[in-house]
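Please look through the sequence and the model shown here, and then follow the explanation below with the coordinates open beside it.

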Amino acid sequence: MKGLIRAAARRPVATAMVWLGILLFGAMAMTEIPLDYLPEISYPRVVVSTSYPGMPAEEVRTLVTVPLEDAFASIKGVKTIQSVSREGRSVVSLDFHWGEDTLSASIRTREAIDAAYTGLPEGCDKPVAFPSDPGAVAVITLALVPTGADLTLTRSLAETDVRTRLQQAEGVGAVNLVGGAQTEYRVAVQEDKAAARGLTVSAVAQFLGRENFDYPVGSIRSGESEIIIKTRGRASTASELESLRIPMENGSLQLSQIAGVEEAEKHRLSVYAFGGKEAVALEVFRRKGSNPVAVAQAVRKEAERVAQAYAGDFEVAVDYDSSVAIVESIRNLAVAALSGILITFVVLLALTRDAKGSALLVVTIPVSIMVGVAALRLMGRTLNTMSLGGIALGIGMIVDNAIVVLDVLKRLPAARRRDPAAVSAQVERVFTSIMASTITSLIVFVPVIFLPGVIGAIFTDLALSVIFTQFGGFLTAITVIPVAFMSFRWKDDAGARDPMEPARKLYARALDACFRRPALVALIIGLTFLAGAGAATALGFEFMPVDDAPLLELEVAFPYGTRLEHIAAEAAVMQGSILADGAFLSVSARAGGEREDALYQSDPASRPERLIMRAVLDRKRASVEEAMDRARKAVESLGYACEVRPPKDAVETLLGVGGSTRSWAAYGKDPEEARARAALALLHARSVAGGDRALSLNPAGERDEIRVSPDRAALAALSVGFYDAATALHAAVEGEVASRIVVDSREKDVRVGLAGADGQAPDIGRVIIRPQGPIRVADVARVQAQSSVPLFLRVDRKDAVLLEAEATPGGRDDLAAAMADFSAGHEWLESADASALAEYGGRILLTLGIVVALLYLTLGAQFESFSLPVLLLVTIPLSFSGIALALALSGTTVNFGSALGVIVLFGVAVNNSIVLYEVTSQKAGESGAGDEAEPGRKRSLAAAAARAGALERLSPILSTVLTTVVAIFPILLSPSGASQKAMSIAVIGGLVVSTVLTLFTAPLVFARRLGGKASKGRHEA
């Protein structure tokens, strides 16, 4: 590195050309680097969704979920298996060990499905496996609000044309469709008339399946021509279906004689409303590796074209665009960075009274940032919240080395300021200290790159951005600053008034007092540490601080079994009530999900009766807290309980942390045992922690059900199998899709079912199983109304029930303590707050230990000492007091951002001590403190050297600290970036306290060390 310093000084033009080339590449990287919210993460999860229409949850668990879990247990690489069984659907989530290729895992899962499918019951659809990313969010959601068209036509156009057009946009991956209505042709069989002719619903369905179809027969050759022959038997209208004739033993029967055919709305799987009206939503997801901002822009352009093409049918509105938050964060960070640079220039100018030098120092900040961005681009990384956070961390520290270098260069005589040899020699004087300070600043982030699992995948970009920008700052300090210094004319400072002289005199008096009263200094340090420890105990905890974002989520849970049509109507009313408040710009709502909706299907908490509303507030009319309260009151005024919250951060989702609840799982060999054990744990927790705590079971609640139980004697007497009875009942109630009909070039299902009386549900007991007799359900089975559990949860092939409670921020959680005591004696109860932090907690603590060890090793190698690094590292725990006090005074919690501030201070807190020790050692050598002399004289000389070194380095120390603080201070005023704000508060508080302690305690420690070291050497001699 010293060779690089000499080469840069000897060849200033070449150095300038190299840096101009780096800046050119950096500018290109700034314009081309992809933007994203989070780093690219391939989460190893595969979800298997199986549909079993009309089947109760208990049967789905027994007949579908358990056999699939048994088949999946042998798949290589599976870490955990979690399943949810609900009415008509089984969803099994397979989490593989980190590092498993998701595509390969999906292939292995599909192979297991192929082997298990033959053992699944008849009527069950083949399971579908697809990769699932829990942190994935739609880049943009479009709302198609019908105007001239109805909801059915809007859905049809969205499916057949709009979705296809959006998928062709650059960078678009999946496009999920939510809401709207679909129609089918329903053949409503009049049971008595059909039975009188010896027909059942299943027989009618089989007839339509055989008769209503087109079939290619083949082709004939005539001379040089070939003619294709096909049969055309598929109907194209309802009247054609009704006119079909069913062959009977004595002639034939026209379908219209026993059934009516009409176009009716299909059973809905999802509903969506926007602005108080039912609509259709298109959720657009980006393709892996594409730029979400560019994807959103491409979708918006295509949406404008769609709106023009279908202006008379529906309106196109943007419900939510996640790229707006990305752009806003980058813009706010850019503004904060620019403000920090300007404020840094002002502070440097005030400290040095040198406009030229201050401008030169400030230029190193954007140059170093461009170096960092260029390095990220070369590595194929994106500019995201993590890498932006790393750049924000580095802004305040970039200029520190340049300040030290420029300060030592200004000490050169005016005649030697253009001499390359003299300039490079002067820079080499401080090279050791700035190299050490740079290494200590960066070494703390190296272990972050090697963190395991999803934690490492998320935070690697942050560590890399800090390392690259700081290394860029170091290179500019040892090359650009010397070259620029030689190129400019500097005024002679001899005889000029030092603007730092008043501060230096004040500091000298205070430092002399510290030398006279070291016990008082120790007392002040102890009191500071105790104050920090006391403040730390009062701090709350959250993983990710919430941005003051103009978006809220509202959740309303309807009773199990509520029809989606009713939920849609109520959602429109709720939206109208919220919009009438005037504090919101738009409101959308959705419930349920389509079969291809991967996010909905893979979420264990999803159920059709769960209505999620998303409200965009007007910041000019209300704050987030006020808007949350007003939205809740607007919904509660309609008689519904409503939970209002900010959207969960994607980092929290990936790590499995955050949220407003804590949970424990009670396991059992069957659902009944799991529920009984959960009830026992619930009773204990409430008796110990108090009944006022919100503690509930999940799954919980019941839904109405009609249970049909076989009468074996009656079945045997009538020669009827119960399977025949069950399938006949399923065909009558749920209906069978027997065929398809082509209308206006679109295929629609033809469903054959039982006609109800005046639109009411059929009487189950009177459903005919066999027309001969006739034999009805009530003749061979018992029909009784009862309640049943609507959902079954299994974790690692064991039935489970969750106990959930409101999370307690900060302090001791009595409920958690009660549950921990209870679980100690009951192995079937475990904490269900499974997060990446809990899983890798030991590795994280080990990483912190490695950071401290690396700092010690680096400092020991730098100063050739085993004991000196210990003295230098003492400033780290003392700086924690400043962090705790700053967080407490600002009302900030201990969170991800403030934890980053702690990591930064691992390296930054010792930097001033390193520089101070270097100068003190040089002064001691020059004064003769290292020679053989009397111990008293040695101590006196060492103290004088420590005092002189501290006074000499006061200006650069104050300059580096002030520039670091003021450079990140604008982040505190930024409207977004809650995590960066918490980080800034921690850095400012810790840095201020550590600097004060360094200035007044380090000289005492260094003087004692150098004086004692000399005395020890004399005694040994």
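The paragraphs that follow go from the overall dimensions to sheets, a helix, a surface patch, backbone geometry and salt bridges.

The model is a predicted one, and its C-alpha trace spans about 130 × 75 × 55 Å along the principal axes of the chain. The chain holds 34 helices and 31 strands, and buried residues account for 51% of its 1021 residues.

Strand E7 (residues 183-189) pairs with E25 in the parallel sense over five bridges, with Ala188 standing opposite Gly753 in E25. Strand E24 (residues 736-743), by contrast, pairs with E25 in the antiparallel sense over seven bridges, and there the bridge partner of Val737 is Arg751. E24 and E25 form a hairpin with two residues between the strands, and in this hairpin Asp744 takes a positive phi near 55°. E25 itself is mostly covered, seven of its nine residues being buried.

Among the helices, H3 (residues 57-72) bends by about 35° at Thr65, and a proline, Pro67, follows within four residues. Thr65 is also one of the buried residues of H3, which include Ala57, Val60, Arg61, Val64, Leu68, Glu69 and Phe72.

On the surface, Phe213, Tyr215, Val217, Ile220, Ile227 and Ile229 form a nonpolar patch whose accessible area together is about 540 Å². Strand E8 (214-222) and strand E9 (225-232) each supply at least two of the patch residues, and the largest share, three residues, comes from E8.

The peptide bond from Asn698 to Pro699 is cis, with omega near 5°, and Pro699 lies in the loop between strand E22 (695-698) and strand E23 (703-710). Another cis peptide bond joins Gly773 and Pro774, with omega about -15°, and Pro774 lies in the loop between strand E26 (768-770) and strand E27 (775-776). In the loop between strand E29 (791-795) and strand E30 (798-806) lies Asp796, which has a positive phi of about 50° although it is not a glycine. Arg797 is placed in the loop between E29 and E30 as well, and its phi, near 65°, is likewise positive. Asp796 is partly exposed at 37% relative accessibility, and Arg797 is partly exposed at 40%.

How many salt bridges does a search of the whole structure find? The search finds 51. In one of them, Glu40 meets Arg286, and the closest N and O atoms are 3.2 Å apart. Glu40 lies in the loop between helix H2 (12-32) and strand E1 (45-51), whereas Arg286 belongs to strand E15, so the pair ties together parts that are 246 residues apart in sequence. Arg300 forms a salt bridge with Asp321, the closest N and O atoms being 3.0 Å apart. This pair links helix H9 (residues 292-309), which holds Arg300, to strand E16, which holds Asp321, across 21 residues. Arg300 is partly exposed at 34% relative accessibility, whereas Asp321 is buried at 8%. The salt bridge between the side chains of Asp629 and Arg632 has an N to O distance of 3.9 Å, and because these residues are three apart in helix H20 (residues 624-636), about one helical turn separates them. Finally, Arg234, Lys266, Arg740, Glu747 and Asp749 are linked in a network of salt bridges.

Methods:
Residues are numbered from 1 along each chain as its sequence is written. This is a predicted model: local features need pLDDT of at least 70, side-chain atom pairs count only at pLDDT 80 or more; totals for chains, interfaces and linings use all residues. Side-chain values use heavy atoms; hydrogens and water are left out. The bend at a residue is the angle between axes fitted to the seven residues ending there and the seven starting there. Buried means under 20% relative accessible area, exposed over 50%, partly exposed in between (1.4 Å probe, protein chains only). Patches are made of residues with over 30% relative accessible area and no salt bridge: like charges are joined within 9 Å, nonpolar side chains (Val, Leu, Ile, Met, Phe, Trp, Tyr) within 5 Å. Accessible areas come from the Shrake-Rupley method with a 1.4 Å probe; for residues, only the protein chains shown count as cover. A salt bridge is a side-chain nitrogen of Lys or Arg within 4 Å of a carboxyl oxygen of Asp or Glu. Two strands pair if DSSP finds at least two bridges between them.
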